[in-house]
Amino acid sequence: MPITPKPHSALLIVGHGSTENPDSSTPYFDHADEIRRRGLFKEVHCCFWKEEPSMREAWYLTDCTDIYVVPDFISEGYFTQDVIPRELELTGPTTTVRGKTFHYCLPVGVHPSMTGLILRRAKEVAPDIDPANTTLIITGHGTGLNQNSTKAIRDQVDLIIASDAGYAHVTDAYMEEQPFIAKWDELATTPNVVVVPFFISDGLHSYQDIPVMLGIEPEVGPAASQREVFRHNPYHLREKTLYYSSAIGTERHLADVILDQIADFDKELKVRS
Amino acid sequence: MSPTTFLEQSLANGIHRIGQIEVRATGSGFQLFHADDLALVDQPDHGLTVHHDPEVARDISTYSEDGTYRFTKGQTNLKRGWIMILDSIDDTRRALDHFYPAALGLVAAQRDGTLQIETLREKLNRQTGMYRFARNISDAGAQQLVQEVCGPAHQCAKWILWKLDAETPLDDSEASRFRGIPGNLPESEAIPLVCREACNHFVAECRKVSKAEHAAANPGG
């Protein structure tokens, strides 16, 4: 959906970030850079929970008085519903904080246009295999603490099954709740398996933890940017052929999903007013 | 005042340094480079890598020379050997926001009297997950930690503005006295780096101390 240019507004992309892994925040800056190049906003900034600038510092980043906030998160949950509103002092979809008006959009991961990104990524990592002989696994963190954290992935599974992508089997799997990604070979019903991590960055979880769970790494390795080769797909193990992609958030087109969320916010705003 | 206007006015008033970065207005644009490369810059074969894209500032500032991840950008281990030649004040401000996130806006707000400072207790009480335990650190433990983690002796160039809580200032030390300007420049020549809230590295260290204090008080487990 095209977005109306906002030459007097700022865009604030909110991410998690990490004090341990420098690759964690790379996609957020890439998305900001991509959107900045399109000249749609006066300013585009990022802020984080675990890196600088912090969310509490975000107010000082810009002198724009109209600010769109898009959580670059993959699901609705504790961070998007509790932490970000608290840190930015937001009380509703639109909140004025000390003279600056913030519009709080939904996180990127829950937008329907994510489906196209997952399918594109799955095709990129395994371009020559027949979906009819392939299981597509979308994997996330999962936590018993918040059911919403897996909803975005389950929604995508349903959308892909309903699409004409043609995968023999599509399923979700998680690091910390059932079905476990460590049992990917039991979840797969076909000889070929494509695993797409539903994370924003190739940080600790998707690049270092999950490969160990899949069995393609013996132990947690160095950060992605510290390696010369990203992955050696495919992997022949557990009597299957496994393709493991980079995180969905590293897809350049995620910038479009950020803009889609803003367009949807504006549409809703019109409806509300 | 907007961060960009603040930068513009500061440069016009003779400011030429922020953190470890020398900032120069050249008439046709701006130059940024590591202050320790000042002697090299004007030599014809300075050997510095030239960049024109402000976004490169993020790459330059991510790792120190020895490959350590600079998770706190106030660290005084910025890489040398580069120069950024930028066309506009907006690009210069963007590059500086990568080198020192939000630093210009924070100081501008401090000068305007609008900067909201967050005490350590407020920061710790908002932590979640495994960092929730950090809030149990004693005042004495936190005071000690400031002297062991903060300040130029520990590679941080920021001026600590926060207190432990509204009533408890930091104990006097090199770290608490430091005013955010490395390199002994006068305040008339540099924009200080300010610390309006304890960084996440400090929070992680608070958690460690808090756990150690708990273990010491409960030797049986």
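# Domains, chains and a helix pair

Guide: In chain A, the centres of domain 1 and domain 2, taken over C-alpha atoms, sit 26 Å apart. Domain bounds here come from an automatic or database domain assignment. Before we go on: this is a predicted model, where local features need pLDDT of at least 70, side-chain atom pairs count only at pLDDT 80 or more, and totals for chains, interfaces and linings use all residues. Residues are numbered from 1 along each chain as its sequence is written, and chains are lettered from A and ligands numbered from 1 in the order in which they are written.

Visitor: Which residues belong to domain 1 and domain 2 of chain A?

Guide: Domain 1 of chain A covers 6–109 + 251–272, and domain 2 covers 111–249. Two residues are in contact if their C-beta atoms, placed from the backbone, lie within 7 Å. On that basis, 24 residues of domain 1 of chain A and 26 residues of domain 2 of chain A take part in the contact.

Visitor: Which element gives the most to the side of domain 1 of chain A that touches domain 2?

Guide: Helices (H or I, at least four residues) and strands (E, at least two) are DSSP runs, numbered from the N terminus. Helix 8 of chain A gives the most to that side, with 4 residues.

Visitor: And how is chain B divided?

Guide: Chain B has domain 1 (3–112) and domain 2 (120–217).

Visitor: How many residues do chain B and chain A each put into their contact?

Guide: Chain B puts in 21 residues and chain A 15. Helix 3 (56–62), helix 5 and helix 9 (200–217) of chain B each give two or more residues to the chain B side.

Visitor: How do I read a pair of packed helices?

Guide: Two packed helices are described by the angle between their axes and the distance between the axes. Axes are lines fitted to C-alpha atoms, for helices over the stretch in contact, and angles run from 0 to 180 degrees between N-to-C directions. Take helix 1 (residues 3–12) and helix 5 of chain B: their axes come within 8 Å and cross at roughly 80°. So helix 1 of chain B is roughly perpendicular to helix 5 of chain B (65 to 115 degrees counts as roughly perpendicular).

Visitor: Which residues make that contact?

Guide: B:Pro3, B:Phe6 and B:Leu7 of helix 1 meet B:Leu104, B:Gly105, B:Val107 and B:Ala108 of helix 5.

Note on methods: Parallel < 35°, antiparallel > 145°, perpendicular 65-115°, else oblique.
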